[in-house]
Amino acid sequence: MKQFLLFTCCMCLFAAAFAQPSDAVTRKDLTTPLTIDIKFTKSTGTRQWNSGSGNWEYVRGVHIRLKSKDYPGLVVKVVGDAVYQYVGGTKYSYQKFRTGYNEWEGIPNPTLADIEKLISTDWKLFYGYYFDKIVTLHEGPAIDMEKNFTWTSPNNVFFFLKIKADMLGPNYSLETVEQVYDVRLFRDNFKDPWKSFNSSSGSNNRKVISTQQLTESKYKQMELKTLAYTLAEDIARKEAASLPQLEVPDFKTAAAMADFLHQILREGNPQLLKVAMMKTLAPAMMVDGSKTQFSWQGKEMYDKAIKLAYEGDAKYKDQYCRNYTTTSLTSKSYIYIQSCIQGNITRIGTILVNEGYKDGVPQEKIKLYNLDLGVRQDQDAINFINSFSDRKKLCPKD
């Protein structure tokens with residue numbers, strides 16, 4: 001027993017010989033002319049084996065507050081570890097400070113007005129996935145006062161915004177949700193206004209307060225009330241209001257619609273064509289429930305048409321006569337307009353659409369379903385058109 005007690009005492013003395021650096025020693029090793037104060041994260045550090053260096057090291061977690069060298073008047077809090085390495089005998093030698101992250105003090109937090117000014121430039125980026133799900137916004141976005149602003153640099157701040165909203169949920173449900181967004185603002189210089197932001201949300205930041213089951217038809221109606229839809233519709237309506245006025249008749253035949261569009265393609269401009277297409281496109285070419293937003297198919301059709309009709313070296317009016325002829329492919333619903341260049345055609349396709357009932361009778365109208373312009377941009381085609389000294393030789397019926 002005496003031998004055991006003697007062995008234990010020797011081990012205690014051996015461990016004491018390898019005692020960690022004191023708080024005073026660590027403070028001295030970490031202090032610089034810029035140091036304001038140093039706080040330890042725990043009452044002691046950790047002795048651990050470093051397989052990379054093949055040696056024991058002692059690690060002490062600290063928070064160091066420093067006067068900023070680059071930004072006078074600001075304070076940076078450096079969070080990390082003081083690392084000591086065993087050098088033999090009874091000694092540990094200070095090796096390095098391993099920075100975990102920085103936080104800044106003394107910078108005014110952005111106001112909610114500052115934040116809203118920036119995030120309102122891109123609500124889709126802010127709301128992310130839920131942009132297409134939020135139907136009614138009850139509260140927010142508001143700063144989550146229970147969580148702090150974190151400055152990782154004077155040009156980068158991290159904080160939380162929260163909302164309360166009704167959102168479309170799974171299986172035709174409507175959920176009332178409290179959602180927290182992690183937001184970060186960026187700028188190029190400490191004194192510059194905020195330039196950009198990013199936002200993220202996760203399941204841990206989401207709390208479902210209540211759920212209401214909807215019918216399929218009611219759910220589809222709600223889809224036309226989401227933030228994504230209503231904001232896009234508002235933008236589209238404002239843009240439509242700025243477009244020129246254009247009287248578009250109810251066409252009795254596809255040929256009548258073709259005459260109308262042919263004249264705009266020859267003598268109009270992209271704005272007039274957009275108005276014409278908004279008023280004539282079939283529902284499938286428009287966003288559901290909208291008279292001002294093209295669907296992706298409608299937008300693709302419009303973008304291609306204006307490029308060929310008005311923007312190329314050769315334009316629609318150069319290669320099509322005012323009084324056009326049609327090809328043998330022309331039918332009741334599809335008009336094939338022959339270009340001045342043989343083998344080159346423009347196709348205008350129509351479809352009958354029921355726009356409702358009157359006394360039980362379907363109110364069908366002819367709508368535009370396809371607009372496929374044939375305008376050649378190659379040099380040979382341009383040379384052919386330019387070879388005519390008199391336009392009447394190219395278009396005798398004009």
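## Burial terms and overall form

A residue counts as buried when its relative accessible area is under 20% and as exposed when that area is over 50%, with partly exposed in between; Asp 372, at 25%, is therefore partly exposed. The structure discussed here is a predicted model.

The protein has 12 helices and 14 strands. Its radius of gyration is 36 Å, well over the 21 Å that the globule rule gives for 398 residues, so the protein is more spread out than a compact globule. The C-alpha trace spans about 120 × 60 × 45 Å along the principal axes.

## Burial, surface and contacts

Of the 398 residues, 39% count as buried, while the protein exposes about 23500 Å², of which carbon and sulfur atoms supply 52%. Among contacts with a separation of 6 or more, 57% come from residues 24 or more positions apart.

## Charges and the salt-bridge count

The protein carries 52 positive and 44 negative side chains, and the centres of these two sets lie 5 Å apart. With a salt bridge taken as a side-chain nitrogen of Lys or Arg within 4 Å of a carboxyl oxygen of Asp or Glu, the count comes to 18 salt bridges. Asp 250, Glu 355, Lys 365 and Lys 367 are joined in a network of such bridges.

## Salt bridges between distant parts of the chain

Arg 206 and Glu 175 form a salt bridge in which the closest N and O atoms are 2.6 Å apart. This pair connects strand 11 (residues 206-213), which holds Arg 206, with strand 9 (residues 173-186), which holds Glu 175, across 31 residues of the chain. Arg 206 is partly exposed, with a relative accessible area of 23%, whereas Glu 175 is buried, with a value of 10%.

A salt bridge with an N to O distance of 3.6 Å brings together the side chains of Arg 322 and Glu 267. Because Arg 322 lies in the loop between helix 10 (316-319) and strand 12 (334-338) and Glu 267 belongs to helix 7 (residues 254-267), the pair ties together parts that are 55 residues apart in sequence. Arg 322 is partly exposed at 43% relative accessible area, and Glu 267 is partly exposed at 48%.

Asp 372 and Lys 304 also meet through their side chains in a salt bridge, at 3.4 Å from N to O. Here Asp 372 of strand 14 (residues 361-372) is linked with Lys 304 of helix 9 (residues 296-311), and the two are 68 residues apart. Lys 304 counts as partly exposed at 45% relative accessibility, and Asp 372 is partly exposed at 25%.

How values were computed: Residues are numbered from 1 along each chain as its sequence is written. This is a predicted model: local features need pLDDT of at least 70, side-chain atom pairs count only at pLDDT 80 or more; totals for chains, interfaces and linings use all residues. Side-chain values use heavy atoms; hydrogens and water are left out. Helices (H or I, at least four residues) and strands (E, at least two) are DSSP runs, numbered from the N terminus. Buried means under 20% relative accessible area, exposed over 50%, partly exposed in between (1.4 Å probe, protein chains only). The radius of gyration is taken over C-alpha atoms; the globule rule is 2.2 Å times the number of residues to the power 0.38. Contact means heavy atoms within 4.5 Å. Accessible areas come from the Shrake-Rupley method with a 1.4 Å probe; for residues, only the protein chains shown count as cover. Lys and Arg count as positive and Asp and Glu as negative; His and the chain ends are not counted. The place of a charge is taken as NZ of Lys, CZ of Arg, CG of Asp or CD of Glu.
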